[in-house]
Amino acid sequence: MPSEIRHTWERCDGMSDNVSTMKEDVAKHLQSNGFILLRVEDIDDKKKYIFKNTEGIQATVKEYQLIKYLKYDELESKIFIANEIFDDLQNHMKKAIHIPVAYSFYYLASWLYRYAKYYDTVATIKKMKRILGYNPESRGIDYIFKKNGILDTMGYTSTDRDFPYYWNMEDPPFDNRPAFTMFYHPYVQEALPSDYIGKIHNKFVIKTPIKGLHRYEEDLKEGHENGTFFEVDNTTLVPFEVFLYCMANDDLGCTAFYLYSYIKMKNQIFGGRYDCPMIKLAQEVGLSNTTMKEALSKLRQHRVIDGIHNQEYFCVLLPDGERKANTYIANDYIQFAGVAKPYDKIKVLEANEYLKLEEEKKKEVEGESFPVELLPF
């Protein structure tokens with residue numbers, strides 16, 4: 001991580017109603033964990049706090065706000081997502097621009113359920129929309145996750161009132177399988193004080209991540225617990241730190257997170273690297289070429305994705321047989337950059353430059369560029 005981290009303060013619902021208090025609390029926490037406040041800048045009526053990181057804490061300011069609100073612990077990092085989600089979303093979503101939102105929402109719903117976070121956060125749909133970078137009052141994306149919306153009809157979620165109050169690992173022989181105790185279980189309702197129970201209002205609903213519990217529709221009908229919370233075949237591990245980083249960064253957001261997750265899946269399949277032309281990559285993720293290239297560029301600027309150019313230059317006149325796909329590598333969180341940085345781009349030749357270069361190569365092959373007086377005969 002960089003030695004200097006910059007970020008504009010923004011309030012996240014549930015953090016604090018007193019913005020000044022929130023700033024003071026966050027500043028104290030950061031300073032106690034190795035950050036030094038260098039200065040405060042006023043930019044466009046917003047305060048930008050500039051900290052120096054002396055001990056490598058893995059969080060920017062806005063990330064910390066999300067961590068505090070979600071009560072995130074590093075032991076709650078692992079979330080496995082079914083690989084078929086990429087094809088399923090493209091087959092069901094009519095608006096390609098909203099595919100990344102649907103993916104990111106499902107990912108967040110999976111994490112909230114898997115680590116029993118709903119009671120701690122009272123994470124309503126509106127609050128989840130805010131975390132994803134959307135106005136909680138905007139209805140433009142509600143068709144995705146409303147009751148009987150896209151995710152429900154896909155069989156990825158259901159709209160329910162009950163949710164995990166806590167979880168634990170089952171005893172042998174079911175090691176490494178989480179067991180959930182639900183909020184409305186009689187034992188929980190009897191044990192909790194009335195004011196704790198009253199924290200959850202009668203209209204509170206969650207999106208249960210069906211794929212986490214039951215992989216396929218027949219498994220749901222037969223009650224087989226073989227979802228991604230229990231079995232991880234044909235899944236991709238996307239650490240929650242990556243989600244936090246993307247949602248806390250205005251340059252990235254849902255589209256970048258979705259693209260990272262897809263490349264991470266392909267890296268997992270192809271030995272840590274994925275060779276793919278950009279036009280093909282856009283087609284595979286179901287996004288326009290412009291949208292995909294913009295997100296990919298931001299990911300590379302933040303070192304979330306590394307790109308390797310497997311040819312010296314590019315030109316529109318270059319024959320198909322001489323064109324080589326770029327290689328993309330999804331980095332680990334510790335490699336991400338705190339601020340955007342330039343990255344090496346492939347050299348692009350104009351048509352006249354390419355033709356001139358080809359002519360020079362042709363002359364070399366034909367020997368015309370070799371001085372006759374140097375011949376040994």
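**Exercise 1.** Determine which residues Thr291 touches, not counting residues up to four places away in sequence.

*Solution.* Step one is to apply the rule for a contact, namely heavy atoms within 4.5 Å. Under this rule, Thr291 touches Ile97 and Thr255, leaving aside residues up to four places away in sequence. Step two places Thr291 in helix H16, residues 289–301; helices are DSSP runs of H or I with at least four residues, strands are runs of E with at least two, and both are numbered from the N terminus. Step three considers a separation: Thr291 and Ala256 lie 35 residues apart along the chain, and their C-alpha atoms are separated by 9.8 Å.

The model is predicted, so local features need pLDDT of at least 70 and side-chain atom pairs count only at pLDDT 80 or more, whereas totals for chains, interfaces and linings use all residues. Residues are numbered from 1 along each chain as its sequence is written, and side-chain values use heavy atoms, with hydrogens and water left out.

**Exercise 2.** State whether Thr235 is buried or exposed, and list its contacts.

*Solution.* First, Thr235 is located in strand E9, residues 235–237. Next, its relative accessibility is 4%, and Thr235 therefore counts as buried (buried is under 20% relative accessible area, exposed over 50%, partly exposed in between, with a 1.4 Å probe and protein chains only). Finally, not counting residues up to four places away in sequence, Thr235 touches Phe80, Ile81, Ala82, Asn83, Arg215, Thr228 and Gln268.

**Exercise 3.** Explain why helix H13 is described as largely enclosed by the rest of the structure.

*Solution.* H13 comprises residues 240–248. The buried residues in H13 are Phe240, Glu241, Val242, Phe243, Leu244, Tyr245, Cys246, Met247 and Ala248. Because 9 of the 9 residues of H13 are buried, the helix is largely enclosed by the rest of the structure.

**Exercise 4.** Describe how H13 packs against helix H14 (residues 253–269).

*Solution.* Two packed helices are described by the angle between their axes and the distance between the axes. Axes are lines fitted to C-alpha atoms, for helices over the stretch in contact, and angles run from 0 to 180 degrees between N-to-C directions. For H13 and H14 the angle is about 150°, and the axes are 8 Å apart. H13 is therefore roughly antiparallel to H14 (under 35 degrees is roughly parallel, over 145 roughly antiparallel, 65 to 115 roughly perpendicular, and the rest oblique). In the contact, Val242, Phe243, Cys246 and Met247 of H13 meet Gly253, Cys254, Phe257 and Tyr260 of H14. By class, this contact has 7 nonpolar, 1 polar and no charged residues (Ala, Val, Leu, Ile, Met, Phe, Trp, Tyr, Cys and Pro count as nonpolar, Asp, Glu, Lys and Arg as charged, and the others, Gly among them, as polar).

**Exercise 5.** Describe how H4 packs against H13.

*Solution.* The axes of H4 and H13 come within 12 Å and cross at roughly 130°. H4 is therefore oblique to H13. Ser104, Tyr107, Leu108 and Trp111 of H4 meet Phe240, Phe243 and Met247 of H13. The residues of this contact divide into 6 nonpolar, 1 polar and no charged.

**Exercise 6.** Identify which residues touch the most other members of the largest nonpolar core.

*Solution.* A nonpolar core is a set of buried Ala, Val, Leu, Ile, Met, Phe, Trp, Tyr and Cys residues joined through side-chain atoms within 4.5 Å. In the largest such core, of 83 residues, Tyr118 and Leu281 touch the most other members. Helix H4, residues 99–114, gives the most to this core, with 12 residues.
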